[in-house]
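Reader: I'd like to go through this one slowly with you, topic by topic. Could you put it up first?

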Amino acid sequence: MVLIIVRLLSSVPKSSMLFLLGQPHSCLLSTKYLSVFMCVFAAIIFLFLGSVKGFSTKSEPCTYNKGSLCKPALANAAFSTLAFLLGALTSVLSGFLGMKIATYANARTTLEARKGVGKAFVTAFRSGAVMGFLLSANGLLVLYITIILFKLYYGDDWEGLYESITGYGLGGSSMALFGRVGGGIYTKAADVGADLVGKVERNIPEDDPRNPAVIADNVGDNVGDIAGMGSDLFGSYAESSCAALFVASISSFGISHDYTAMSFPLIISSVGIVVCLVTTLFATDLFEIKDVSEIEPSLKRQLVVSTILMTVGIAMVSFFALPSEFTLFNFGTEKAVKNWHLFFCVSIGLWAGLVIGYTTEYYTSNAYSPVQDVADSCKTGAATNVIFGLALGYKSVIIPIFAIAIAIYVSFSLAAMYGIAVAALGMLSTIATGLAIDAYGPISDNAGGIAEMAGMSHKIRERTDALDAAGNTTAAIGKGFAIGSAALVSLALFGAFVSRAGIKTVDVLTPKVFIGLIVGAMLPYWFSAMTMKSVGSAALKMVEEVRRQFNTIPGLMEGRAKPDYANCVKISTDASLREMIPPGALVMLTPLIAGTLFGVETLAGVLAGSLVSGVQVAISASNTGGAWDNAKKYIEAGASEHAKTLGPKGSDAHKAAVIGDTIGDPLKDTSGPSLNILIKLMAVESLVFAPFFAAHGGLLFKYL
């Protein structure tokens, strides 16, 4: 690997070296800010949960296992805090290692593209697979070790043990929020600046080294799409596991101390890693890519193969790891469940994920009519392009919502809230494959950027562009999986919160609940407004800086002078660190304020409202942006007679498509993907703080 990197560095200009070596610096800067947040929020967790029983060190009667004593509230506070820190550190480590892997993979993919598109594809996909396996195995290993170590203190108090474990999911998801929001602002500020000035105003190619924002743009792809997506899916995995483990701990599994059945969620995830390992061979060893047209089918084949093999794995685990009949907690009652019920719960989550993935692909791939219609609308200007793109995004919500609704109904009917939790886990059971095909996209994109900046042959750039075109669709599929799993995870966490807070029913006709419902439904729009404006403000500064350099640096357009890349990188870095704080504060403070001042019933309404509203907005935003992006690439590629009538690059239709793509960038890479973290982070935070809210919440209503 060292030899490959040295060979590449000897052939590329200083700009590409900055791209390869500058990403860890940005990551370390953000880590410093995140360290402060981790320490402050860890202190809040300890103080809030410790005060539930006045920092008592005496054992307390168990909430669910009547007649038994559980560990003191102070111990739960301490272990929940420790679990939060472990989850946060694991999430940060996963994102950082993913960026390191991608950085080297970018260069290797560029070099392999000299030998053919097949070699480049295998390199890019294997690199994505390494990240996928690293993240899934890392998350599972840390969670398992945490449970084993915590058990040394808790002993037979499984209720307290798995309640404290929920902090692990909170830590992972809180870091994912900042990774997604900060990374999205970073990459889209640079992308918008590079496109508007470079492509539209100066009419220079994408990733042209004369563009001052090109380094920041390429670095941003890894910050947002690699670190952001990785920490996002890690958060979903951690939260779904924690929700399932908590509900199981207050059911017959936990009360009878059946450790094998209790570990059912972890076993499912373990089988998923093995299945994904076998599935990867279908793309890298069993089927060789010989032509550009085979790339996208090969990636989609990964989804189908992993889903089929995982269904078999789920059946084996369900029938061998679970007793034939058992009971599960169902809001104060016990529901009799058979092992085949859980097989169907996990399987329907798995297959719902496949439906969401293929629906997303249909609405965002330029191989199908929806994106082609958007491209065709560019003939009459940017306005009609925007109208068609928005309509496509709204329409793309329909099938995923029906898939999620069916999965919820079936899984809840069969196994109550535990069924929904394991359905979410089923959707995430092939997380390694999902991350592999998602990380493949930015790796291929940056390989093309390096080829352009290094002045390599046009044939190499064509090959990397072909890889990137397929990667755009797979990235959209990855976002669809993330959003769909977030809906199921959030509902499972919502059920766990309602159980832990002692709420009998969530009645929307009650004023306390309804005000929470309507405010919660508003939060995704508030959050989206903050993130969109953050991208716009940062992009404005980037556009001004790029224009300044083109206007003031003599010989820059002619290629006789080099731009100041570092200044553009600094603008993106400063903007992402500064602008991620307000949206993050909105998400983290809302449950604390609602639960403390208005009580658990209002907070339940907030969670329900944000879940119902957030899923719709997230799917629509992500697919709208993805469709605009691929409509632009459809015109640029000119692969069909229809596309040729809209092109070439620089035509009026192409300029309209670039404007649509620029508008869609913050939708698909900042606001949309971040919303799924909003809904699940608020839910898991509410679950962690549920004992405090139940004991001391509703201060405003108590004194009015």
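Reader: How many salt bridges does a search of the whole structure find?

Author: The search finds 22 salt bridges, a salt bridge being a side-chain nitrogen of Lys or Arg within 4 Å of a carboxyl oxygen of Asp or Glu. Please keep in mind that this is a predicted model, in which local features need pLDDT of at least 70 and side-chain atom pairs count only at pLDDT 80 or more, while totals for chains, interfaces and linings use all residues. Residues are numbered from 1 along each chain as its sequence is written, and side-chain values use heavy atoms, with hydrogens and water left out.

Reader: Okay, which residue forms a salt bridge with Glu163?

Author: Glu163 pairs with Arg500, and their closest N and O atoms are 2.8 Å apart. The pair links distant parts of the chain, with Glu163 in helix α5 and Arg500 in helix α16 (residues 458-500), 337 residues apart; helices here are DSSP runs of H or I with at least four residues, strands are runs of E with at least two, and both are numbered from the N terminus.

Reader: Are Glu163 and Arg500 buried or exposed?

Author: Both are buried, where buried means under 20% relative accessible area, exposed means over 50%, and partly exposed is in between (1.4 Å probe, protein chains only).

Reader: And what does Arg547 meet in a salt bridge?

Author: The side chain of Arg547 meets that of Glu201, at 2.5 Å from N to O. Because Arg547 lies in helix α17 and Glu201 in helix α5, this pair ties together parts that are 346 residues apart in sequence. Arg547 counts as partly exposed at 38% relative accessibility, and Glu201 counts as partly exposed at 40%.

Reader: Which residues are linked in a network of salt bridges?

Author: The network links Lys188, Asp191, Asp629, Lys632, Lys633, Asp661, Asp665, Lys668 and Asp669.

Reader: Back to α5, then: how many of its 44 residues are buried?

Author: In α5, 40 of the 44 residues are buried, so the helix is largely enclosed by the rest of the structure. As for its length, α5 covers residues 158-201 and should span 64 Å at 1.5 Å a residue, which agrees with the 63 Å between its end C-alpha atoms; the expected span is 1.5 Å times one less than the number of residues. After α5 comes Asn203, whose phi is positive, near 55°.

Reader: Switching to strands, in which sense do β3 and β4 pair?

Author: Strand β3 (residues 325-330) and strand β4 (residues 333-338) pair in the antiparallel sense over 6 bridges, where pairing requires that DSSP finds at least two bridges between two strands. Phe329, for instance, has Glu334 in β4 as its bridge partner. The two strands form a hairpin with 2 residues between them, and Phe331 in the turn has a positive phi of about 55°.

Reader: One more on helices: what is Thr280 in contact with, beyond its neighbours within four places in sequence?

Author: Thr280, which lies in helix α9 (residues 264-286), is in contact with Phe125, Ala129, Phe133 and Gln302 once those neighbours are left aside, contact meaning heavy atoms within 4.5 Å. At 9% relative accessibility, Thr280 counts as buried.

Reader: Last topic: where is Val519, and is it buried or partly exposed?

Author: Val519 is in helix α17 (residues 511-552), and at 38% relative accessibility it counts as partly exposed.
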